[in-house]
Amino acid sequence: MRSPPSRRRFLQGMAAGLSAAALPGLAQAQSATQPPATPRPAARPSPYRVNEPVSIDVNARPLPSFDIRDRARTRFGALEYRSGLILTSSFSGFGGLSALRLDAKGERFIAVSDQGSWFTGRIVYRGREMVGLDDVEAAPLLGADGRPITATRGWYDSESLALDGSFAYVGLERVNQVLRFDFAKGFTRSRGEVIALPPAARKLPNNKGLEGLVFVPKAMGQPLAGTLIAFSERGLDASGNLIAFLVGGKTPGQFSVRRTENFDISDAALLPSGGLLILERKFSWFGGVGIRIRRLALSEIAPGAVVDGPAIFNADLGNEIDNMEGIDAHVTEEGETVLTMVSDDNFSLIQRNLLLQFTLVD
């Protein structure tokens, strides 16, 4: 098993990946009424971007334990470790995995790379443990003109993903836009249209902007049913809390998530039971890297609200973590709620693409 990188090299990789300078130069929801922004110059060619759909091979090495200091430990807060994989590929565009959504069985997946790419495929299991990926395909995110968004607009930094029936929503952090794709019109070959967001979304920091998306299905019967919830990474309100938006639905508007211990939001996921989880991370040269999951009450989210919730999971460099950016949940045939997390390696040689699964036990 690969030994973890030294603390210094890992922190250097995280610092580079989280800095602006280091990144290369499914029921229907709200209609796409916002006109497109002025196109940016075409992006320079990058080996990490996908120009056309292609099948790829992804290698997987198991992570038999999560705690580096105590390999026998399996319980971490409200989570119990199930299995993990280190993912690699000879395909240069594989990496930068920033969001992940699974089917109801936790098998088929769709992910987005921060370089404007889709990744789809199937998780292979042996019993309850993940052992590999199969049927993996990479494809570019297409704009309304049918061309890759990286080529015509210079857009990338695709950081978040939400599904609503046949519709997929992708958040673009640098330009703080959301694209809606109708997968009934070609799956990952479908064309994205810009949807209307609150004007305040344009004021978010360009490298700390839209980072997590969740769509509340109408079938849930919640007051927020039919609403797209968009979380910023570190867009702060006047009180220093994290800004989020309610897009569409019956009560559109803005709310905040209380920010504590310098954590920023990296993704969010709805639990099948109706709860809401937010994945958070923090980094500092002195404190290192931290990962946290908090549970929020969906019923408390409303325009003008400041919501908070308990941490149910914490991890640091003593655990098998990296730049964890994506989270989703599904329920097994045995009735267990499983959380799946994925990391963004920033296409760095000293970071890793990790796929981790835990059982939610509390």
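**Exercise 1.** Does aspartate 157 count as buried, partly exposed or exposed, and what is its relative accessibility?

*Solution.* Start with the source: this is a predicted model, where local features need pLDDT of at least 70, side-chain atom pairs count only at pLDDT 80 or more, and totals for chains, interfaces and linings use all residues. Residues are numbered from 1 along each chain as its sequence is written, and side-chain values use heavy atoms, leaving out hydrogens and water.

Step 1: take the cut-offs. Buried means under 20% relative accessible area, exposed over 50%, partly exposed in between (1.4 Å probe, protein chains only).
Step 2: apply them. Aspartate 157 has 0% relative accessibility, so it counts as buried.
Step 3: locate it. Aspartate 157 sits in the loop between helix H2 (149-152) and strand S9 (158-164). Helices (H or I, at least four residues) and strands (E, at least two) are DSSP runs, numbered from the N terminus.

**Exercise 2.** Find the phi of aspartate 157 and of aspartate 135.

*Solution.* Step 1: recall the rule. Most residues other than glycine have a negative phi.
Step 1: read the values. Aspartate 157 has a positive phi of about 50°. For aspartate 135, phi is positive too, at about 55°.
Step 2: Aspartate 135 belongs to strand S8. Its relative accessibility is 45%, so aspartate 135 is partly exposed.
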